[in-house]
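Colleague: I have a model open and a few minutes to go through it. Can you walk me through what is in there?

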Amino acid sequence: MNYSLNSVPFDPDGHLEHFTAAETLGMETALSAARQGVRGSNPLVGAAIIDADGTFLAIGYHRGAGTAHAEVDVIGRLLGTGVKRDLSAATLIVTLEPCSHVGRTGPCTQAILDAGIGNVVFAVADPHLPASGGAQILHNEGINVRMGLMAAEAEDLNRQWFIAVRERRPFITARLAQTVDGRIAAVDGTSQWITSQESRQDSHRLRARVDAIVVGTGTVLADNPRLTARGADGCDAAEQPLRVVMGMREIPADAAVRGTSTTPSSPERLGNDDFLALHTHDPAEVVRELYDRGVGHLMIEGGAKINAAFLASGMVDELVVYLAPILLGSGIPALTDLGIDTLSQAQKWEWDATTTGPVEVLGPDLKLTLMPARTGAEGA
């Protein structure tokens with residue numbers, strides 16, 4: 001980190017100071033607000049502003065990539081009417097160090113300075129190097145900055161995001177759409193449609209949030225999917241993820257995934273710039289390539305071999321399962337071999353209670369959202 005010649009470096013260990021009951025309540029509230037956000041390329045972040053006497057002035061949170069960060073959101077909620085007020089004695093409490101860079105949105109440090117807030121308390125430092133250093137900037141500007149309040153809780157909330165950042169890879173969501181008995185297609189290969197329209201619409205909303213979607217060549221050759229994000233009216237969304245196919249077989253020139261087929265709901269052809277073929281079976285190679293291309297949130301849509309390969313790699317941060325009340329008894333399973341021979345080797349997952357919760361009813365289906373169990377967690 002580069003400091004100006006006249007600055008005193010912000011020392012995290014020197015700022016683990018006593019926190020008031022009001023500040024602790026503020027962080028608990030900020031963490032609760034953060035859980036309303038959506039997981040992805042950005043972490044879940046919540047914020048609160050309290051007055052000198054501990055009175056809550058505003059609560060905010062980050063709603064996902066491209067939206068206002070929690071600090072900007074909470075400041076906007078407080079000052080959105082344009083009314084000026086003296087916030088020099090107020091404290092902004094946030095679950096993650098305020099960012100200092102310009103991405104899809106402006107730096108949170110500047111928003112804090114512009115609002116005239118005199119005190120900032122945050123839980124954990126931002127490990128993402130382009131965004132880090134906000135505490136130092138605020139400290140240099142004379143803001144009273146302290147860190148460490150409820151740090152363990154804040155890191156646990158985003159533990160998979162922290163892992164992805166430290167491993168220099170995208171946040172990875174695996175999506176399965178299956179029957180109750182774990183099948184994604186019948187014996188004859190038919191699979192349209194196992195899940196309901198409500199589940200498919202929700203899946204398209206998820207597609208619209210990610211930067212890239214990966215499927216295998218087998219899925220493309222069997223189903224000829226477009227892999228676009230579409231609205232309830234069937235039309236393509238304005239922003240589309242990169243469509244990625246991995247595997248050694250060649251993709252036909254007229255395959256829909258290339259963006260060369262037109263439909264009534266998509267009168268204009270999608271560009272080939274949004275399509276990428278990667279001739280590999282190695283998930284790590286795919287992840288490296290996409291990370292280098294700037295992909296922050298990657299979704300795996302299958303088929304069974306690709307799903308299993310990514311799950312076996314240990315890189316999946318979120319598992320979304322659309323479960324239809326259908327039994328097939330045989331057919332194509334959602335996963336192939338994970339290399340697990342005995343129960344003690346089983347992958348352990350936890351229900352994710354953020355956003356809409358671990359179980360959501362979508363028409364006749366259930367949507368299950370899970371994340372990898374904490375390291376060392378034991379099954380019940």
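Modeller: Start with proline 225, which is buried, with a relative accessible area of 17%. This is a predicted model. Proline 225 sits in the loop between H8 and E9.

Colleague: What does proline 225 touch?

Modeller: Leaving out residues up to four places away in sequence, proline 225 touches Thr219, Val220, Ala256 and Val257. Alanine 256 is 31 residues from proline 225 along the chain, and their C-alpha atoms are separated by 6.1 Å.

Colleague: What else is in that loop between H8 and E9?

Modeller: Leucine 227 is found there, with H8 covering 217-223 and E9 covering 242-246. The phi of leucine 227 is positive, about 65°, although the residue is not a glycine. Most residues other than glycine have a negative phi.

Colleague: Is leucine 227 buried or exposed?

Modeller: Buried, at 2% relative accessibility.

Colleague: Step back a bit. How many helices and strands does the protein have?

Modeller: The count is 10 helices and 16 strands. The protein has 380 residues, and 49% of them count as buried.

Colleague: What share of the contacts is between residues 24 or more positions apart?

Modeller: 75%, taken over contacts with a separation of 6 or more.

Colleague: Now cysteines. How many disulfides are there?

Modeller: Zero, from a search of the whole structure. Cysteine 108 is in no disulfide, and the nearest cysteine sulfur, that of cysteine 99, is 3.6 Å away. A disulfide needs the sulfur atoms within 2.5 Å.

Colleague: Is cysteine 108 buried or exposed? And how accessible is cysteine 235?

Modeller: Cysteine 108 is buried, with a relative accessible area of 0%. Cysteine 235 is partly exposed, at 33%.

Colleague: Change of topic. How do H9 and H10 pack?

Modeller: Helix H9 (residues 283-292) and helix H10 (residues 304-313) pack at an angle of about 85°, and their axes are 9 Å apart. That makes H9 and H10 roughly perpendicular to each other.

Colleague: Which residues meet there?

Modeller: From H9, Pro283, Val286 and Val287; from H10, Ala309, Phe310 and Ser313. By class, this contact of H9 with H10 has five nonpolar residues, one polar and no charged ones.

Colleague: Which residues of H10 are buried?

Modeller: Ala304, Ile306, Asn307, Ala308, Phe310 and Leu311 are buried in H10. Phe310 also belongs to the H10 side of the contact with H9.

Colleague: Where is another cis bond?

Modeller: From glutamine 192 to tryptophan 193, with omega near 0°. Tryptophan 193 lies in the loop between strand E7 (183-185) and helix H7 (197-209).

Colleague: Back to H10. What comes just after it?

Modeller: Glycine 314, which takes a positive phi of about 80°.

Colleague: Last one, glutamine 347. Where does it lie?

Modeller: In the loop between strand E13 (332-333) and strand E14 (349-351). Glutamine 347 is partly exposed, with a relative accessible area of 33%.

Colleague: Which residues does glutamine 347 touch?

Modeller: Leu311, Ala312 and Ile340, not counting residues up to four places away in sequence. Alanine 312 is 35 residues from glutamine 347 along the chain, yet their C-alpha atoms are separated by 8.8 Å.

Note on methods. Residues numbered from 1 in each chain as written. Predicted model: local features only at pLDDT ≥ 70, side-chain atom pairs only at ≥ 80, totals over all residues. Heavy atoms only, no water. Helix = DSSP H or I, 4+ residues; strand = E, 2+ residues; numbered from the N terminus. Buried < 20%, exposed > 50% of the residue type's maximum accessible area, 1.4 Å probe, protein only. Contact = heavy atoms within 4.5 Å. Axes fitted to C-alpha atoms, helices over the stretch in contact; angles between N-to-C directions. Parallel < 35°, antiparallel > 145°, perpendicular 65-115°, else oblique. Nonpolar A, V, L, I, M, F, W, Y, C, P; charged D, E, K, R; others polar.
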